[in-house]
Amino acid sequence: PVTKFLPELANLKVATSTDNLDELVEPNHIPTMHELMTHTGGFGYSLSPRTAVERAYIEDNPMGKPDLDGLVQRVAEIPLLLQPGERWSYSIAVDLQGAVVERISGMSFGASLDQNIFTPLGMDDTAFTLPEADRSRLATVYQMNGDGEFEVLPDVYNFFVNDHAESGGGGLASTAHDYTRFVQMLINEGELDGAQILKPETARFMMSNQIGDTPGVFTGGGFGYGGAVATREPSERSPAPIGSYSWFGIDGTWFWVDPVNDLGYVGMIQRRGNAGRDAVNLRGESVQLVYEALND
């Protein structure tokens, strides 16, 4: 149970109404670490105001707390969106994973990442907080406004001020070089240039479908630990082979790992949200272009 590491979550309730938080029931069980790692624990998030639980996340903003202990405490006060294990739903689970890492390691999440991943992989330009000298290097992120025009998105992560939680779900600044080294480590099943980040069996487990046919994954297919897993035969629209592992970030970053073709990909376009009905779907088209080239 997640309460082994996050005892604050011992009294979670489940909302039964999408309109309000007045009708609560007991969960069928305490969410497990497996469910936390696969977005099947029933937690909500703040990406949409569709339900009362999601509106509570927007209004109370657990991600805005100055540390992960504060985030966990606020999550403990918001009901679950779903019964644990019922279906896949993208959630605050990854942020909670960061808190678990802090409890296990006894150090801040950022320090743990730096010690165990970034430094061994030579990812020297990846961090939650940047030095002022790097301000000119920070890429501008764009979003589309109501008139269908791109506008600059403010630095919502406040990269140059260390006043917010080092979230498991977002807020790292990085470079194409560093991100590619991380993906190459995954291609190599946990190793790069002599640095063994994961055991091979751990890497394979993480990048394989861990939820069976549990419904809800909006990318289609299955889900491993931290990313989607292709479970369907390749098609013209989705040509990546079965077993490919992928995920994407809100500000226009994405990656995939294809163990069949020993291939990885990193995309970065610095664009948040929907790019407009007539814009090219760069994430989907990039996959198609790569596999067209492989087949030529």
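**Buried, exposed and in between**

Modeller: Gly110 has its place in helix H5, residues 109-121. This is a predicted model, in which local features need pLDDT of at least 70 and side-chain atom pairs count only at pLDDT 80 or more, while totals for chains, interfaces and linings use all residues. Residues are numbered from 1 along each chain as its sequence is written, and side-chain values use heavy atoms, with hydrogens and water left out.

Biologist: What is Gly110 in contact with?

Modeller: Contact means heavy atoms within 4.5 Å. Leaving aside neighbours within four places in sequence, Gly110 is in contact with Phe128 and Glu166. The C-alpha atoms of Gly110 and Ser17 are separated by 37 Å, and these two residues are 93 apart along the chain.

Biologist: What makes Ser89 count as buried or exposed?

Modeller: Ser89 has 17% relative accessibility, so it counts as buried. Ser89 lies in a loop, between helix H3 (68-76) and helix H4 (93-105). Neighbours within four places in sequence aside, Ser89 is in contact with His39, Leu81 and Leu82.

Biologist: How does Ala127 count at 24% relative accessibility?

Modeller: The value for Ala127 is 24%, so Ala127 counts as partly exposed. Ala127 is found in the loop between H5 and strand S3 (141-144). Not counting residues up to four places away in sequence, Ala127 touches Gly171, Leu172 and Ala173. Between Ala127 and Ile104 there are 20 Å in space, C-alpha to C-alpha, and 23 residues in sequence.

Biologist: How does Gln270 count by relative accessibility?

Modeller: Gln270 is at 23%, so it counts as partly exposed. Gln270 lies in the loop between S11 and strand S12 (271-272). Gln270 has a positive phi too, about 50°, although it is not a glycine.

Biologist: How many residues are in the largest nonpolar core?

Modeller: A nonpolar core is a set of buried Ala, Val, Leu, Ile, Met, Phe, Trp, Tyr and Cys residues joined through side-chain atoms within 4.5 Å. The largest one has 56 residues, and Leu9, Phe43, Val75, Ile92, Leu96, Leu186 and Phe255 touch the most other members. Apart from this core lies another, of six residues, including Trp254, Trp256, Leu263 and Tyr291. In soluble globular proteins, nonpolar side chains tend to be buried together.

Biologist: How many helices and strands are in the protein chain?

Modeller: The protein chain has eight helices and twelve strands. Both are DSSP runs numbered from the N terminus: helices are H or I, at least four residues, and strands are E, at least two.

Biologist: Why is the protein chain as compact as a globular protein of that length?

Modeller: The radius of gyration is taken over C-alpha atoms, and the globule rule is 2.2 Å times the number of residues to the power 0.38. The protein chain has a radius of gyration of 19 Å, close to the 19 Å that the rule gives for 296 residues, so it is as compact as a globular protein of that length. Of the 296 residues, 41% count as buried.

How values were computed
Buried < 20%, exposed > 50% of the residue type's maximum accessible area, 1.4 Å probe, protein only.
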